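Okay, thanks for making time, everyone. I've got one structure for you today, and I'd like to go through some strands and then the interface. Let me put it up.

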Amino acid sequence: MNPSKYLTVSAINKYLKVQFERDEHLQCVFLKGEISNFKGHTTGHLYFSLKDETSKINAIMFQSYAKRLQFSPTDGTKVLVMGRIGIYEATGNYQIYVEEMLEDGVGNLYIAYEKLKAQLQKEGLFDSSHKKILPKYPNRIGIVTAPTGAAIKDILSTIKRRYPICETILFPSLVQGDNAANDIVRNIKKAEQYDLDVLIVGRGGGSIEDLWPFNEEVVARAIYDCPIPIISAVGHEIDFTIADFVADHRAPTPTGAAEIAVPNLIDVQKYINQLKIRLQEAIYKDIKYKSLYLDTIKNSFVLKTPMVLFENRQQQIDIINEKLNQLLLQKIDYCKLKLDTMKNHYLLKNPQQLYIEAKKQLKIIIDKLQLVNPLNILNRGYSLTYQANKIIKVVEDIDMNKDLSIKISNGIIEANIVKVEEIKDEERN
Amino acid sequence: MKKETKFEDNLAELEKIVNELENGEIDLDSAIEKYTKAMHLVKECDDKLKRVEAQVNKMLNENGELEDFEVEN
């Protein structure tokens with residue numbers, strides 16, 4: 001026999017391990033079974049096996065997954081697990097490395113939760129656009145939770161610490177068990193009749209069954225339809241119930257809900273003081289700015305030395321005066337000049353010139369007159385015959401009874417008419 | 001009774017006046033008038049917060065009345 005063809009144990013185990021890891025079906029296995037020989041290790045790792053009526057498989061759940069369990073597993077608990085199947089080389093055993101484990105009874109609850117969640121989401125009940133805004137300074141807060149237990153205590157103590165000036169009304173309600181859902185709905189409806197600014201609906205921590213009422217559709221719709229802004233506070237940080245999706249605001253815990261619902265008094269007072277300071281600064285700055293502005297105006301030269309305005313006017317007047325004088329002098333000079341020239345004028349210098357001139361002119365005129373003088377003709381023997389101051393040109397003009405005055409060159413003859421004789425045309429020439 | 005919204009309104013108005021004064025385009029007379037009103041609002045808001053009533057916690061009992069509620073601790 002050839003020794004080299006024999007494998008070692010670890011070689012065969014290693015080979016099988018790799019085969020398991022290569023098979024993708026084994027990487028994510030959903031298993032249903034009952035827990036037996038459960039051993040929780042101090043390190044937090046859980047060792048147990050899962051069995052059904054006829055078969056068994058080893059199981060291990062590492063601490064990192066185990067800490068997220070919502071229930072404490074014990075022998076006999078029916079569970080649903082999800083994990084990976086692999087070989088532990090050292091022992092050659094195969095086992096399931098469990099990542100998630102739920103109580104089997106819980107399984108169908110979980111399915112129902114997912115179904116309702118999907119349905120309400122489709123209906124739009126989760127849309128943020130429907131979320132109402134929480135009032136910043138609530139006057140009266142309604143609380144729907146159990147009258148006993150940590151939740152109400154935490155809420156009230158938080159409110160008392162942060163914002164004691166607001167009033168709270170508790171609507172005591174069942175928060176667990178079959179008829180809790182209806183009780184919650186009834187209390188929400190009742191709360192609507194009160195003049196509330198915000199409503200906290202919730203409870204303390206618990207298993208998925210404990211929190212189940214907050215996953216019921218009736219509660220979800222009651223929260224959605226409630227006109228008062230609702231803060232949901234169900235269970236612990238990690239628990240998300242349908243109520244949380246539907247509420248106007250989701251708080252991780254009841255205390256968180258109170259912190260969201262009311263502002264912190266100290267912060268509000270600080271804020272108001274801040275406003276006061278900003279106010280005083282603003283008005284101070286405004287007045288300072290305006291008074292500075294006033295100063296600049298006051299210092300303006302016009303107000304400081306008003307005379308400046310008049311000086312300008314004064315100056316203007318002087319200028320005008322001066323100009324006036326100049327003009328006047330010029331005028332005078334001009335006239336003097338003109339006078340002088342006139343005085344030296346040839347005529348003034350020898351006025352007789354005018355006289356001679358005039359005499360000459362006169363003579364000319366006289367001569368002209370002489371020429372046209374109708375009486376010259378008398379010098380040559382002609383005479384003018386008047387009757388009643390009217391010159392007689394034709395015999396027809398004569399009035400036999402009146403005398404005639406005949407004007408000759410150097411006198412007038414008065415005559416009376418003896419006879420008048422008309423000479424015809426042909427003879428007259 | 002809507003006492004709180006009054007507080008909320010006062011605070012909103014106070015904020016409005018502070019903003020108005022801070023951006024400054026406001027004539028002197030109305031600035032002073034608004035300032036006095038604002039200081040009045042500050043006092044009112046302060047008083048409101050100082051006047052800490054004993055926290056009033058009520059509970060709705062079976063026959064539908066509000067009774068005082070004390071947390072047993």
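So, in chain A, β2(A) and strand β3, residues 56–61, run antiparallel, with six bridges joining them. If you want a place to look, find A:L50, which stands opposite A:I57 in β3(A). The two strands make a hairpin, with four residues between them. Keep in mind that this is a predicted model.

Now go to the other partner of β2(A), residues 46–51: strand β1 of chain A, residues 29–40, pairs with it in the antiparallel sense over five bridges. Here A:K39 sits opposite A:Y47. This one's a hairpin too, with five residues between β1(A) and β2(A), and A:G44 in the turn has a positive phi of about 95 degrees.

Okay, over to chain B.

About 3800 Å² gets buried between the chains, and carbon and sulfur atoms give 63% of that.

On the polar side, we've got eight residue pairs in polar contact between chain B and chain A. There's one salt bridge across the interface, and that's A:R278 with B:E22, at 2.7 Å, N to O.

Conventions
Residues are numbered from 1 along each chain as its sequence is written. Chains are lettered from A and ligands numbered from 1 in the order in which they are written. This is a predicted model: local features need pLDDT of at least 70, side-chain atom pairs count only at pLDDT 80 or more; totals for chains, interfaces and linings use all residues. Side-chain values use heavy atoms; hydrogens and water are left out. Buried area is the accessible area (1.4 Å probe) that two parts lose on being put together, summed over both. A salt bridge is a side-chain nitrogen of Lys or Arg within 4 Å of a carboxyl oxygen of Asp or Glu. A polar contact is a pair of N or O atoms within 3.5 Å; within protein, one must be able to donate a hydrogen and the other to accept it, and residues adjacent in sequence count only if both atoms are side-chain atoms. Two strands pair if DSSP finds at least two bridges between them.
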